[in-house]
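Please keep the model open while you read this note.

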Amino acid sequence: MQEPVSTEEYYENYVELFATAGWKQFMTECKVSLDTNNKIDDCPSTDDFLRRKGIVEAYNRTVNLEHFIRMSMENEPDAN
């Protein structure tokens, strides 16, 4: 289990992650997969629709992670 980090270190770790080429590559791949799985017209069954819905929700959370972290940083009480 990871040791707790300060709020400042928590955000700094994410900012460093978001600046990497690997993160940008991962986001590109996630966005392509999101676009691919976001089509519900060809779902043959309710089960397939629900599975695809879960996949889309997971990709949406991942693709929007940077935005949510940055918004959270801005809303921190001690943010500049």
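The points below take up the charged patch, the aromatic rings and the salt bridges.

1. Basis. This is a predicted model, in which local features need pLDDT of at least 70 and side-chain atom pairs count only at pLDDT 80 or more, while totals for chains, interfaces and linings use all residues. Residues are numbered from 1 along each chain as its sequence is written, and side-chain values use heavy atoms, with hydrogens and water left out.

2. Negative patch. E8, E9, E12 and E16 gather on the surface in a patch of negative charge. Patch members have over 30% relative accessible area and no salt bridge, and like charges are joined within 9 Å. Asp and Glu count as negative, Lys and Arg as positive; His and the chain ends are not counted. The charge of Glu is placed at CD. Areas come from the Shrake-Rupley method with a 1.4 Å probe.

3. E9 is found in helix 1 (residues 7-18). Helices here are DSSP runs (H or I, at least four residues), numbered from the N terminus. E9 counts as partly exposed because its relative accessibility is 37%. Buried means under 20% relative accessible area, exposed over 50%, and partly exposed in between.

4. Aromatic pairs. The whole structure holds five aromatic pairs. The rings of Y10 and Y14 form an edge-to-face pair, because their centres are 5.2 Å apart and their planes stand at 75°. Rings of Phe, Tyr and Trp (its six-membered ring) pair if their centres lie within 6.5 Å; planes under 30 degrees apart count as stacked, over 60 as edge-to-face, the rest as tilted. Y10 and Y14 both lie in helix 1, four residues apart, or about one turn. Y10 is partly exposed at 36% relative accessibility. Y14 is also partly exposed, at 23%.

5. A tilted pair. The centres of the W23 and F26 rings are 5.8 Å apart and the planes at 55°, so this pair is tilted. W23 and F26 are about one helical turn apart because three residues separate their positions in helix 2 (residues 21-37). Which side of the burial cut-off does W23 fall on, buried or exposed? W23 is buried, at 8% relative accessibility. F26 is partly exposed, at 38%.

6. Aromatic cluster. Y10, Y11, Y14, F18, W23 and F26 form one cluster. Both pairs described above have their rings in this cluster.

7. Salt bridges. The count is five. The rule asks for a side-chain nitrogen of Lys or Arg within 4 Å of a carboxyl oxygen of Asp or Glu. R52 bridges to D42, with the closest N and O atoms 2.7 Å apart. This pair links distant parts of the chain: R52 is in helix 3 (residues 46-63), and D42 is 10 residues away in the loop between helix 2 and helix 3. R52 is buried at 12% relative accessibility, whereas D42 is exposed at 52%.

8. Network. D42 and R52 are linked with D48 and R51 in a network of salt bridges.

9. Bridges within a helix. K53 and E57 meet at 3.2 Å, N to O. Both lie in helix 3, four residues apart, about one turn. K53 is partly exposed at 43%, as is E57 at 37%. E66 and R70 meet at 3.0 Å, N to O. They sit four residues apart in helix 4 (residues 65-74), so about one helical turn separates them. E66 is partly exposed at 24%, and R70 is partly exposed at 34%.

Definitions and conventions:
Patch = residues over 30% accessible without salt bridge, like charges linked within 9 Å, V, L, I, M, F, W, Y side chains within 5 Å. Helix = DSSP H or I, 4+ residues; strand = E, 2+ residues; numbered from the N terminus. Buried < 20%, exposed > 50% of the residue type's maximum accessible area, 1.4 Å probe, protein only.
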